[in-house]
Amino acid sequence: SSPYVESRHKVSGFTLANHTSMAQLFERLLKQYDKIRKRNAFLENYRQEPMFQDNFDEFDDSRETVQSLVDEYKACERPDYVDFGI
C-alpha cells in the first residue's frame with residue numbers, strides 16, 4: 001500500500017504467466033554470439049584483461065549456460081518435463 005494514497009481495501013493478487021517465449025530471445029542471442037565469436041569480433045579490448053589473455057573460456061562457459069537455459073525452457077513446453085534432466 002502507498003503512504004500517499006488512502007485505500008480502504010487491501011488488494012492481493014496472483015499472477016500465473018507463461019514465459020517460455022524467452023527461449024526464442026535467448027536463441028537469437030546465442031546465434032548473434034556465435035557469429036561474433038566465429039569472427040573473433042570485438043574481442044581485442046578483452047584480450048588486454050588478464051582474465052582473457054590466454055583464452056575466452058569464460059565466454060564459452062557462459063554460452064553453454066545460456067544454451068542450458070534454452071534447453072530447459074524448451075523442455076518445460078513438453079508434457080514429459082517432469083523427467084527433464086534425469
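Reply: The crossing of α1 and α3 is left-handed. Keep in mind that you're looking at a predicted model. Helix α1 covers residues 22–39, and helix α3 covers residues 57–75. Their axes come within 9 Å and cross at roughly 155°. An angle over 145 degrees counts as roughly antiparallel, so that is the label for α1 relative to α3.

Now zoom in on the contact itself. On the α1 side you'll find M22, A23, F26, E27, L30, Y33, D34 and R37. Facing them from α3 are F59, D60, R63, V66, Q67, L69, V70, Y73 and K74. Sort these residues of the α1–α3 contact by class and you get ten nonpolar, six charged and one polar.

What does V70 touch, once its neighbours within four places in sequence are set aside? The partners are A23, F26, E27 and L30, and those four residues are also listed on the α1 side of the helix contact. Take F26 as one case: V70 and F26 are 44 residues apart in sequence, yet their C-alpha atoms are 6.5 Å apart in space.

Q48 and M22 are 26 residues apart in sequence, while the distance from C-alpha to C-alpha is 33 Å.

Next, follow F59 from the helix contact over to the aromatic rings. The model has seven aromatic pairs in total. One of them joins Y46 and F59, with 5.0 Å centre to centre and 90° between the planes, which makes the pair edge-to-face. Y46 belongs to helix α2 (residues 44–47) and F59 to helix α3, so this pair ties together parts that are 13 residues apart in sequence. F59 also pairs with F52: the ring centres are 4.8 Å apart and the planes are at 5°, so this pair is stacked. Is F52 buried or exposed? F52 is buried, at 9% relative accessibility. Y46, on the other hand, is partly exposed, with a relative accessible area of 38%.

One last stop: the loop between α1 and α2. Most residues other than glycine have a negative phi. With that in mind, have a look at N40, which lies in this loop and has a positive phi near 55°. F42 is found in the loop between α1 and α2 as well, and its phi is also positive, about 65°, although F42 is not a glycine. How open are these two spots? N40 counts as partly exposed, at 35% relative accessibility. F42 has a relative accessible area of 71%, and the cut-off for exposed is over 50%, so F42 counts as exposed.

Methods. Residues numbered from 1 in each chain as written. Predicted model: local features only at pLDDT ≥ 70, side-chain atom pairs only at ≥ 80, totals over all residues. Heavy atoms only, no water. Phe/Tyr/Trp six-rings, centres within 6.5 Å; stacked < 30°, edge-to-face > 60°. Helix = DSSP H or I, 4+ residues; strand = E, 2+ residues; numbered from the N terminus. Buried < 20%, exposed > 50% of the residue type's maximum accessible area, 1.4 Å probe, protein only. Axes fitted to C-alpha atoms, helices over the stretch in contact; angles between N-to-C directions. Parallel < 35°, antiparallel > 145°, perpendicular 65-115°, else oblique. Left-handed = near helix turned anticlockwise from the far one by under 90°. Contact = heavy atoms within 4.5 Å. Nonpolar A, V, L, I, M, F, W, Y, C, P; charged D, E, K, R; others polar.
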